[in-house]
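Below is a short report for a reader who has not seen this structure before.

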Amino acid sequence: MSGPPSRRTLLAAGLAAPLIGALGGCGPSEGSLSAGDRTRITFWSALRGSQEVVAAFNASQDRIHVDFEQVPTGTQGGYAKLGNAARAGNAPDVATIEYPQLPGFAIDGVARDLNDLVTDDLRAQLLPQALERTTFDGRLYSVPLDLAPMVLHYRKDVFDHHGLRAPRTWAEFADLGRTIRDRVEGSRITAFPTDGASQFAAFVCQAGGQWFDIRDDAWRVAMTDAPTRRVAEYWQGLIDEGLVHTTPTNSQQYNAQVSDGSILTRLTGSWDAGAQMNARPGQAGQWAVAPLPQWEEDDALLSDHGGSTFAVSTDSARPEAAMEFIAWQVAHPDAFRARLSAGTSTQFPAAPALVDVGREALDPDYYDGQDLYSLFDAEAAKVRDDWVWGPRMSSTFQVMHDNFARVGPGRMSVLDAVAAAQEGTIPDLHALGLNVHAVHG
Amino acid sequence: MAPFFVLLVGVFLAPVITAVWLSFFTDDRSGLGFGPESTTFVGLRSYAAVFGDPTFLGALGVVLVFCLVYIPLLVLLSLTLALLLDSGAARLRPLIQLGLFLPHTVPGIIAAIIWLYLYTPGISPVVDVLAGADVTIDLLGVETVIPSIVNIAIWTNLGYNMVIFYTALRAVPRELVEASVVDGAGPVRTALSVKAPLIRSSVVMVVLFSLIWTLQLFTEPMLLSQSTPVINSRFTPSMYIYDAAFTRNNYGLAAAASVILLVCTVALSYVVTRWSNRDARRRAAG
């Protein structure tokens, strides 16, 4: 039944294509061109503004048409969806993957090696430390969209009222914690995020730790190295002294603590400045952003926190078109403008040339005129380029969260929780057949 | 017998063989894992990984503790209720039977949602009432979470098992009961010394089914895990398997854990059956 008609349809399409192409060429607008003649690629993302970016891209040229599908965020099922689609052989041409999960998708054969597709021109437009994050064993597996340096968000109004200033070192941060506990009624300096393995990893990265590394053709896993111990003991001290709350950040309780002034600082990526504006418009003028405290005053080390990348799937039959779309998305000012048109955001682009676009789009009033993008720019330069995420990071984070939930004075220690995450990760890596070199202590 | 074998092969043997196959032949990502993957024979690698995983052993520990608390409690409570109903001590017997059986007809996932509501601080009327009486209890805390799940399981399964016992008790010859009354045994003595031993095979069956149900515990903790960090993503062996396959994309590991769970279930069931049979044999010999 399907034989002859389909051949006829094909022939008809073949005859018609040049004609339509010619018509399109002299038509009044590119929009009138039917999508059927363009190279079609599919794109999955959970990022806000993706729909706008895709619409702008489709309107900007007439060779490639992107079909966009909004998917749930990674932990809400987006990554499971991507993994299952890849197993079934129908992954989208372009997928959005966050930094920590990229090695897993590269190992599972979902993300394609992009070395032959990415142009030197595109590489030159992106921050080298961001590109390092998506390069494994000399192969680039995805193209970074943004790089969010860790910063200190603090309640400037309360700080000013009590004559406090933003701490520059972690020692100052702890002292400030004591001052706030003693002098600011009902407040603590911050909350230790019991669902914040990614934040904890960022602290460790800043301190010079190296949870995962690729050495001698093996994955080296050392989640309790000396810098990790230092960070764990530091936070354990804050918890034991009662200087911080222990709260999951993804909870009503945390939301209330930020809203009612129970906690006065948030230690998160630069994106959180925009998230704060959206979540609590009523706190306009109360917050400011400062660099994250350093271990020594003249240190200049930092980690990123959050941030997304775009990968081309191994299944993709049109990798060149996929890469062209990605390059436009991460490096073209119109792409960033379209993304920001979807709502307030303080995304820090991995392409430094786009920083001005972000600065112009941001309403300066919420942060009392503070030039956030210049701060982010300076901080992004400090971000380490040699941090490596592990092959099963969602799961490693999950086990850490399970154990962070039990952390408290006289209960499980922060370090035990991190050690448990390593113990819960190693068997996974062995079962995958990877060469693993686990370092204990 | 043909339909039976078709079903046996289709819904039991084929999945088991697939799982065993998956646990030995899996996608191999050698070295750093970035090269092309191939399906190869990996020997006992997946099994070694499962046994080397403290989170899996922890999950097994959780269901074993659960068994030790839940099964004796369930058998004791449902047997007591059945004996009470059978002795005629309870009025409105059909109504009570219906009331106790009704929870069993509620699907497990709905039951878990109902209890989740009753357990969650802030929205639970039970916790509110207790707080009003100056009792602060976190029903989803580290020490209370297993009892909380046991409570859901008892609520769901009590009526069903009671009906099994009650039906078995109805089959006890009335003349035996009358004889014990003539011999001067009170209702309690009759229940414990005459009726209960006679429905022993039903007790063994209930223990067996409850054991298997517990080892596969999944729905209730999976749902509760959304509202308490104490229940982690690998809380029970079934949750571990689910997590390994669908979060960690590690099908070899999931298959090996499934086979281990199957072997544990078969072994424990065998022990229970042997234990009850040996008792029966000894009595027959004595």
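## Contacts and fold of chain A

Among contacts in chain A between residues at least 6 apart in sequence, those joining residues at least 24 apart make up 76%. Two residues are in contact here if their C-beta atoms, placed from the backbone, lie within 7 Å. The model is predicted: local features need pLDDT of at least 70 and side-chain atom pairs count only at pLDDT 80 or more, while totals for chains, interfaces and linings use all residues. Residues are numbered from 1 along each chain as its sequence is written, and chains are lettered from A and ligands numbered from 1 in the order in which they are written.

Chain A contains 18 helices and 15 strands; helices (H or I, at least four residues) and strands (E, at least two) are DSSP runs, numbered from the N terminus. The C-alpha trace of chain A spans about 80 × 50 × 40 Å along its principal axes. A compact globule of 441 residues would have a radius of gyration near 22 Å, and the 24 Å of chain A agrees with this. That radius is taken over C-alpha atoms, and the globule rule is 2.2 Å times the number of residues to the power 0.38. Of the 441 residues of chain A, 49% are buried, where buried means that 20 or more other C-beta atoms lie within 10 Å of the residue's own, with C-beta atoms placed from the backbone.

## Two domains of chain A

Chain A is assigned domain 1 (37–147 + 306–361) and domain 2 (150–304 + 376–438); the bounds come from an automatic or database domain assignment. The C-alpha centres of these two domains of chain A are 27 Å apart. Their contact involves 25 residues from domain 1 of chain A and 23 residues from domain 2 of chain A.

On the side of domain 1 that touches domain 2, α4 (102–107) and α6 (128–133) of chain A each supply at least two residues. α4(A) gives the most, with 4 residues.

## Helix α10 of chain B

Helix α10 (residues 200–215) of chain B has 16 residues. From first C-alpha to last it reaches 23 Å, close to the 22 Å expected at 1.5 Å a residue, a span defined as 1.5 Å times one less than the number of residues.

Buried residues of α10(B) include V206(B), V207(B), S210(B), T214(B) and L215(B). Seen down the axis of α10(B), its buried residues fall within an arc of 155 degrees, so they line one face of the helix. The arc is that of the directions from the helix axis to the C-beta atoms.

## Contact between chains A and B

Chain B brings 29 residues to the contact and chain A brings 34 residues. On the chain B side, α2 (45–51), α3 (54–87) and α13 (251–285) each supply at least two residues.

Notes: A residue is buried if 20 or more other C-beta atoms lie within 10 Å of its own, exposed if 12 or fewer, and partly exposed in between; C-beta atoms are placed from the backbone.
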